[in-house]
Amino acid sequence: METKTKITGAEAFIRSLLKEGVDTIFGYPGGAIMPVFDALYDFDKHVNHILTRHEQGATHAAQGYARVSGKVGVCLVTSGPAATNAITGIGDAMMDSTPLVVITGQVGAALLGTDAFQEIDVVGITQPITKWAYQIRKAEDIAWAVARAFYIARSGRPGPVVLDFTKNAQFQEVEFDYKPCTFIRSYIPIPDVQPSQIEAAAALINQAKRPFALVGQGVVLSNAEAELKEFLEKANIPAGWTLLGGSAMPTNFPLNKGFLGMHGNVGPNMKTNECDVLIAIGMRFDDRITGDLKTYAKQAKVIHLDIDVSEINKNVKADAPVLGSAKETLPAITNLLKTADHSEWIATFKEYEDQEFEKVIQREVHPTSGEITMGEVIHRVTEATQNKAILVTDVGQNQMMAARYFKFSETRSMVTSGGLGTMGFGIPAAMGAKVGAPERTVCLFCGDGGFQMTIQELGTIMQEQIGVKMIILNNHFLGMVRQWQEMFFEERYSFTKMQNPDFIAIAKAYKIDGTEVHVREELDAAIADMLKDDKPYLLVVNVEMKGMVYPMIPTGASVNNILLGD
Amino acid sequence: MENTLYTITVFSENTVGLLGQITIIFTRRGLNIETLSVSPSALKCIHKFTITLYTTEDMVVKVVQQIDKRVDILKAYYNTDEGLVFQEIALYKVPTDKLLELGSIETLIRHHHIHILEMNENFVVFEKTGHYDETQQLFDELSNSVGVLQFIRSGRVAITRSKVERLSDMLDSIQEKFERNI
């Protein structure tokens, strides 16, 4: 019936989204997208449109939504400045492999290339930072382009797709005929599993005396958490996790040996350079993980499982590459593994754990005097949520502290800007996460700097009553930059000191409850007050001004060159 | 590592903005493209890019993988000169009066296998195909003797020494796999 009558391009577009199962859109209307917003008006029972306060917020909210739900996040914005505002989120999603479909309005096709009002070359700008960018210039392309966009965004290694939708195509009438996309001949989302690669990897692991696994976001994106657990347990392999691999394993999983990288745990970093077989699973050897590549895991045979061929040998040469989805390759390898007992090797992590506890964690998480530390706030919040909450972070010290001290019991519980490191990601991403997982508690840890980069999204939180729990770790500094200035720039605190507004008064203006804490004794009660219901809440904790995130592997140093700050 | 001249061959769908998608990958890594030629391939609706650049093998592998990864790219691969039969074409505009002053131009034409495309009282246009060194040699010779008014050299076109064009096989297997899955 739908195929007989003609409808406008704008309506065909909304119907296409519905066919893809879209029920939530983060957006902001404007001139060149008005026909679509007009069509949306008739579909308010099918689609929950959330009006953000800035297009950057819409993209980060869609990212938060996608990361916790596993669905494709959708943004709908207008042309020109709206499109450029969306760039940060699109780039962030590209770096962190987050499936997004971002629709930008565009001037009518007849005006393209004429410097028309609010015209910008969106496809040209976004091509380097998307999996696919396409301009829809006529209504008959709409169904095809939307189907293709969703297929590309969610398949293989996920990522953002931009559809630039000219205004004439929104008005044009078209017969609506929707076919989902399942195949593009030039695009192989998941490489075939090659038995020889599986066998080679299994053989290396079966011979290993000191195997060590690096768990990345690929495990989460392919829903291979259970397969990972079986793999690690069968061959008794200890594992560390990357920032985006956070929550792929529960914190209390016995083989989970902690957080990798620049501010990660001592054990997993040191063991990278002590193991004999290193098994990288759905991770890309980012420089924040590897430090100096010349001294990285040189003693080990490297097995690299990845869905993206171009990641193999990009940074670290793989002795045994294993192409494919971890969902398929992990159990295939597990099948060939002998049951093993590496308890002696695993026991050697303990020494580093004790050392880190004594030199770093004791002081950071369990201080008994002095000012409040960032680590203890995170520790107390995670305890108060029984480690069941979703963690969202901004970027900087708050992010590293949260990654270190927040505890996870479920997968898809960590939303953070890893690759791009986008300050301002926090508030909108937390909003999106809460919308994507409304039954769960969402805790945002944010610095006083990052909070003010997207602070206007408090308006969205107010309007939609999104029950996010926002915690500002307020040190009146751009903390991570200040830390580097202290360590590497002779304490020359060049433009990192911040005079902050009364955050609670701002929250109040947005009708959001909040409390400000100055001393340790007030902290538990404030956290309890924050978690007492499912409403939005702002907790401002004034922490020590010159807190440091340790351990730290300085940029370009070897992973076993880890500073403890003692 | 030594820089070598690599030839990258790319097969793509004929869509708007494809060249941009490819060149961005070179730009990001600060690589200069030496020559570039683009034309429809033997297969309908599929375009072929031939790109040459000086770089290391390590880098060319990464670049090719990143090109291949783009959604609209069917296949990208690279070769060194040993794996290819390749050719370039060059056009030379030289002044007729100076050329005639040379006396006999038969030796020149025979030696360089020159084709004459146009000749009038003002200028003569030579065409020469060959490798870079060969077209360059003629350019140098003409510059020193009669002077070259205009000169243009094409990008490289190349054919691999392997028996078949890899793309058609690959397309068949992709199509087969798809049909098996539905």
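This is a guided tour of a predicted model with chains A and B, arranged as a series of selections.

**Stop 1: the domains of chain A**

Begin by colouring chain A according to its domain assignment, which gives domain 1 (6-175), domain 2 (195-349) and domain 3 (366-542). Select domain 2 and domain 3 of chain A together; their C-alpha centres lie 31 Å apart. How many residues of domain 2 are in contact with domain 3 in chain A? Eleven residues of domain 2 of chain A touch 14 residues of domain 3 of chain A. On the domain 2 side of this contact, six residues are nonpolar, four are polar and one is charged.

**Stop 2: the six-stranded sheet of chain A**

Strands of a sheet pair through backbone hydrogen bonds, in either a parallel or an antiparallel manner. Now display the strands of chain A that form an open sheet of six, in the order S3-S2-S4-S5-S7-S6, with parallel pairing. Which strands of this sheet stand at the edges? They are strand S3 (48-51) and strand S6 (132-136) of chain A, each of which pairs on one side only. From one strand to the next, the twist averages 20°.

Within this sheet, select strand S2 (residues 24-28) and strand S4 (residues 73-77) of chain A, which run parallel and are joined by three bridges. To see one position in this pair, pick Gly27(A), which stands opposite Leu76(A) in S4(A).

**Stop 3: two helix pairs in chain A**

Two packed helices are described by the angle between their axes and by the distance between those axes. Keep helix H3 (residues 55-69) of chain A in view and select helix H4 (residues 81-95) of chain A as well; they pack at an angle of about 25°, with their axes 7 Å apart. H3(A) and H4(A) are therefore roughly parallel to each other. Their crossing is right-handed. On the H3(A) side, the contact residues include Glu55(A), Ala58(A) and Gln63(A), and on the H4(A) side they include Ala82(A), Gly89(A) and Asp92(A). By class, this contact of H3(A) with H4(A) has five nonpolar, seven polar and two charged residues.

Next, move along chain A to helix H16 (residues 374-384) and helix H17 (residues 397-405). How far apart are the axes of H16 and H17 in chain A? The axes are 9 Å apart, and the two helices pack at an angle of about 50°. H16(A) and H17(A) are therefore oblique to each other, and their crossing is right-handed. Show the side chains of Met374(A), Gly375(A), Ile378(A), His379(A) and Thr382(A) in H16(A), which meet Gln397(A), Asn398(A), Met401(A), Ala402(A) and Tyr405(A) in H17(A). These residues divide into five nonpolar, five polar and no charged.

**Stop 4: from chain A to chain B**

Display both chains and select the residues at which they meet: 15 residues of chain A are in contact with 17 residues of chain B. The chain A side of this contact has eight nonpolar, four polar and three charged residues. Colour chain B by its domain 1 (4-83) and domain 2 (87-153). The C-alpha centres of these two domains of chain B lie 32 Å apart.

**Stop 5: the four-stranded sheet of chain B**

Select the open sheet of four strands in chain B, whose order is S2-S3-S1-S4 and whose pairing is antiparallel. Its edge strands are strand S2 (35-40) and strand S4 (73-79) of chain B. On average, neighbouring strands of this sheet are turned by 15° against each other, direction ignored. Strand S1 (residues 4-13) and strand S3 (residues 46-55) of chain B are joined by ten bridges; one of the pairings is that of Val10(B) with its bridge partner Phe49(B). Helix H2 (residues 57-69) of chain B lies across S1, S3 and S4 of chain B, and runs at about 170° to S4(B).

**Stop 6: strand S5 of chain B and its partners**

Finally, select strand S5 (residues 84-95) of chain B. With strand S9 (residues 157-160) of chain B, strand S5(B) pairs in the antiparallel sense over four bridges, and here Val85(B) has Ile159(B) as its bridge partner. Eight bridges join S5(B) to strand S7 (residues 123-130) of chain B, while four join S5(B) to strand S8 (residues 150-153) of chain B.

Key:
Residues numbered from 1 in each chain as written. Chains lettered and ligands numbered in written order. Predicted model: local features only at pLDDT ≥ 70, side-chain atom pairs only at ≥ 80, totals over all residues. Contact = placed C-beta atoms within 7 Å. Nonpolar A, V, L, I, M, F, W, Y, C, P; charged D, E, K, R; others polar. Domains from an automatic or database assignment. Axes fitted to C-alpha atoms, helices over the stretch in contact; angles between N-to-C directions. Parallel < 35°, antiparallel > 145°, perpendicular 65-115°, else oblique. Left-handed = near helix turned anticlockwise from the far one by under 90°. Pairing = 2+ DSSP bridges.
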